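Open the model in your viewer and keep the sequence panel beside it. Each stop below gives a selection and what to find there.

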Amino acid sequence: MNWQFSNDAPIYAQLIGQIRAGIVSGAFSPGERLPSVRDLAMEAGVNPNTVQRALSELERDGLVFSGRYVTEDQTAIMEARHALAADRVRSFLTDMERLGFEKEDLLSLLRQESEKE
């Protein structure tokens, strides 16, 4: 994975988000064994305790089990996928509102951009 971190959120929360995105996008397959905590920490350039905390949260959320394997529960993966998409849509709408766009303007812009592809 290409790990990227910013200063606007705790690293463990960013790890959770990036691993969750990897699971819902298929970068980590259902049932796949994740790299060890130490290997993930080295790859991401963070403390192993931070990785362990992120994996514990993902386990609590049902996306990882036994701390090391991606869930095979397609419902859990789809729910996480929809939640992630909803978060991004809310963020997008907030950004566009700050730019002065009305929802109707956004729908028109989305249609125009979709037609270009």
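Which residue caps the N-terminal end of H3? Keep in mind that this is a predicted model. Select asparagine 47 and asparagine 49. Asparagine 47 is the cap. One of its side-chain oxygens sits 2.7 Å from the backbone nitrogen of asparagine 49.

Next, show side chains for Val51, Ala54, Leu55 and Leu58. These residues of H3 are buried. They lie on the same side of the helix, because they cover an arc of only 95° around the axis. An α-helix has 3.6 residues a turn, so residues three or four places apart point the same way.

Turn to the face of H3 away from that buried side. Asn49 and Arg60 are there, both exposed.

Step just past H3 to glycine 62. Its phi is positive, about 90°.

Widen the view to the largest nonpolar core, which has 24 residues. Those with the most contacts inside it are Leu15, Ile19, Ile23, Val51, Leu55, Leu58 and Leu63. H1, H2, H3 and helix H4 (74-98) each supply at least two residues of this core. H1 gives the largest share, 5 residues.

Last stop: isoleucine 19. Beyond its neighbours within four places in sequence, isoleucine 19 contacts Met1, Trp3, Phe28, Leu55 and Leu58.

Notes: Residues are numbered from 1 along each chain as its sequence is written. This is a predicted model: local features need pLDDT of at least 70, side-chain atom pairs count only at pLDDT 80 or more; totals for chains, interfaces and linings use all residues. Side-chain values use heavy atoms; hydrogens and water are left out. Buried means under 20% relative accessible area, exposed over 50%, partly exposed in between (1.4 Å probe, protein chains only). Helices (H or I, at least four residues) and strands (E, at least two) are DSSP runs, numbered from the N terminus. The arc is that of the directions from the helix axis to the C-beta atoms. A polar contact is a pair of N or O atoms within 3.5 Å; within protein, one must be able to donate a hydrogen and the other to accept it, and residues adjacent in sequence count only if both atoms are side-chain atoms. A nonpolar core is a set of buried Ala, Val, Leu, Ile, Met, Phe, Trp, Tyr and Cys residues joined through side-chain atoms within 4.5 Å. Contact means heavy atoms within 4.5 Å.
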